[in-house]
Amino acid sequence: EALVVSTAHLEGSEKHPYSGQHLSTCFSLSIHMTSECLYPMYVHIHTYKGCTSDIISTVEFNHTGELLATGDKGGRVVIFQREQESKNQPHRRGEYNVYSTFQSHEPEFDYLKSLEIEEKINKIRWLPQQNAAYFLLSTNDKTVKLWKVSERDKRPEGYNLKDEDGRLRDPSMITMLRVPVLRPMDLMVEATPRRVFANAHTYHINSISVNSDYETYMSADDLRINLWNFEITNQSFNIVDIKPANMEELTEVITAAEFHPHHCNTFVYSSSKGTIRLCDMRASALCDRHSKFFEEPEDPSNRSFFSEIISSISDVKFSHSGRYIMTRDYLTVKVWDLNMENRPIETYQVHDYLRSKLCSLYENDCIFDKFECVWNGSDSVIMTGSYNNFFRMFDRNTKRDVTLEASRENSKPRAILKPRKVCVGGKRRKDEISVDSLDFSKKILHTAWHPSENIIAVAATNNLYIFQDKVN
Amino acid sequence: MFVRGLKRKCFDGEEDIEGTLAGFKAIPSYNLQRQSLLDMSLVKLQLCHMLVEPNLCRSVLIANTVRQIQEEMTQDGTWQMINTQSAGQTSLDRLVSTDILCRSSKEQAEGKLVPVYSTFTKDCEGTQSQDNSEIMSTVTSPQVPKNLQSNMWEMENPQENRGNFQKSLDQIFETLENKSPNTVEDLFSEVDNSYYDLDTVLTGMMSNTKMGHCDLETFPSQTSTNSKSNCKSDLNELDHIVEILVES
């Protein structure tokens, strides 16, 4: 495969929004792969490196791909904005720069339970843009917040009751009235919390999903799913409740949920037993009865004590078309046709070499890692993360797959991002890495794909990598 | 559920032999590993409700794994040593719980099959049918050693015994749902730290073993002669305590 490397440039460093440490918005690596290559994707990398405490916990593009939001373990949200194309610097097209940062959630203490509520952002979901401002939902374990992100480039001057510093003026000293005027100022991006949806979840929220009506959204925890109206914060409708009357009988929890992209009455939720239920809200107020039930029969030859754990679904995503759903369990990604409930139409092995290591992975708790999965804009390629900072892409049409690595060590300027391979057998080739050498602390749980272009965002612990193909 | 003779993926390279009692003894490594998996799971569950806000999904998956192991243990040769009683699930509780609690790692390493399985009476026959939650409840609480001991010695009302086990599991799941402000503290306060003391574990095991031998004779008449066995077990208990004190 011919690999052409284009010019790289090292940008100046930028200060980290929170810690003041220097970000390296450096390296552009351009990998131009020809079509003979295993994977027809070019990647152009930007790396945003944070300080150690900012483990990224969610990544999400907005509906146009102009903005990219990350949430981290410290409750902060960082929004990146894509730079506009300019004729002067064509190679800078598509770079993402920090646009806004804010503290979304703070740690809380539940006095009733004597338990801490983590401020970690579990999910961010964007609302479609309806005016100049941007809106997103961010959630931690218990509380969902609606944030408005808007630009301000003018400010009012000439108040009557207060002076330029904001100090109140003595009314008796005012001798004449004036009309305040708007004067230009440096662009400021401000984020304000517009709604706080609290006290509706006993258990930990794992998913939020904006409905296609743009008026409602749902939040799902381990046992319940609630439906909210954006305008109403003191009330939510419970639409799914799988809590047994006797908690001793609990054997299954909700792991993820999502609304259908077009049908505002339809949603799916996945479970820890590897099943997916599709529900229609028109059927009844409480959607305890599913309309469809997706489950693959178990393969008896693969049965072990870990079968149930590895079948637990960590993520479920509708395709953009709404025809398919994709699920991620510990070892595979599966694509289901909504019209066929008894088995998936496609199954992709993410890291089957781990199947013989399940005991160790159970011991070190890695078996409980929740990997996410994403579709590309055309639903032709799916992507998910793995260990050792590897992430995998599967082309549904050609059935080809590739393993790539998000790692700064391999990302020198001009370096070629090449496909990686894990060696399972005895003989290890030069570029391969053996299963036992994999670093299980470096896991890629969160990735995002631009809605229409081949730009991907990969969160590797506290680093955000943005890869992009380069159209010739 | 589990087809014997198939290679288990988890335990690499372990061959499987058809399960007879002799066969069971001849493949200690599989059962050893299964036992260690069970013990590991129990430790994870206990750590679970000691954490600030346990991950419910993880807890449920681990608890389901524990149940799976126990179900398999009842189905294969593990319980065949006891041929004096029907396999009531409630008596299974006792078997399982004592097995878990009293088997020290030393015992496992030696591959010894501690005959604790034979120590249990079937005083609970005639009571309710299988309830999976009971199996779960017997093994998932740090308080079980205490409860178990009291159950063993007293052999009282089986309903109450089951209630103790259920209470343990209740507490685990109910800490998650915030029943009372004191739940977590209660849980912590009732943790018997000596549980983690090897001496205590060994002590309990020895006591159980000895008691078991005595009680075998009382199996058939257990249901109607609870009080009789109570006396017997009390006496045994005293004997054992004295023995232990003397030894140490």
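Is Arg125(A) buried or exposed? In this predicted model, Arg125(A) is buried, its relative accessible area being 13%. Its side chain pairs with that of Glu60(A) in a salt bridge, with 3.1 Å between the closest N and O atoms. Glu60(A) belongs to strand S7 (residues 56-61) and Arg125(A) to strand S13 (residues 123-126) of chain A, so this pair ties together parts that lie 65 residues apart in sequence.

Asp72(A) and Arg76(A) meet in a salt bridge with an N to O distance of 3.5 Å. Asp72(A) is buried at a relative accessible area of 4%, and Arg76(A) is buried at 18%. Together with Asp54(A), these two residues, Asp72(A) and Arg76(A), form a network of salt bridges.

A further salt bridge joins Arg396(A) to Glu346(A), where the closest N and O atoms are 2.8 Å apart. Arg396(A) sits in the loop between strand S31 (390-395) and strand S32 (401-405), whereas Glu346(A) lies in strand S28 (residues 346-349) of chain A, so the pair links parts 50 residues apart in sequence. Both partners, Arg396(A) and Glu346(A), are buried.

Turning to chain B, the secondary structure consists of eleven helices and zero strands. Of the 248 residues in chain B, 54% are buried. Among the contacts in chain B between residues at least 6 apart in sequence, 74% connect residues at least 24 apart. The accessible surface of chain B amounts to about 10700 Å², and carbon and sulfur atoms account for 56% of it.

Note on methods. Residues numbered from 1 in each chain as written. Chains lettered and ligands numbered in written order. Predicted model: local features only at pLDDT ≥ 70, side-chain atom pairs only at ≥ 80, totals over all residues. Heavy atoms only, no water. Helix = DSSP H or I, 4+ residues; strand = E, 2+ residues; numbered from the N terminus. Buried < 20%, exposed > 50% of the residue type's maximum accessible area, 1.4 Å probe, protein only. Contact = heavy atoms within 4.5 Å. Areas by Shrake-Rupley, 256 points an atom, 1.4 Å probe, with all protein chains shown as cover. Salt bridge = Lys/Arg side-chain N within 4 Å of Asp/Glu carboxyl O.
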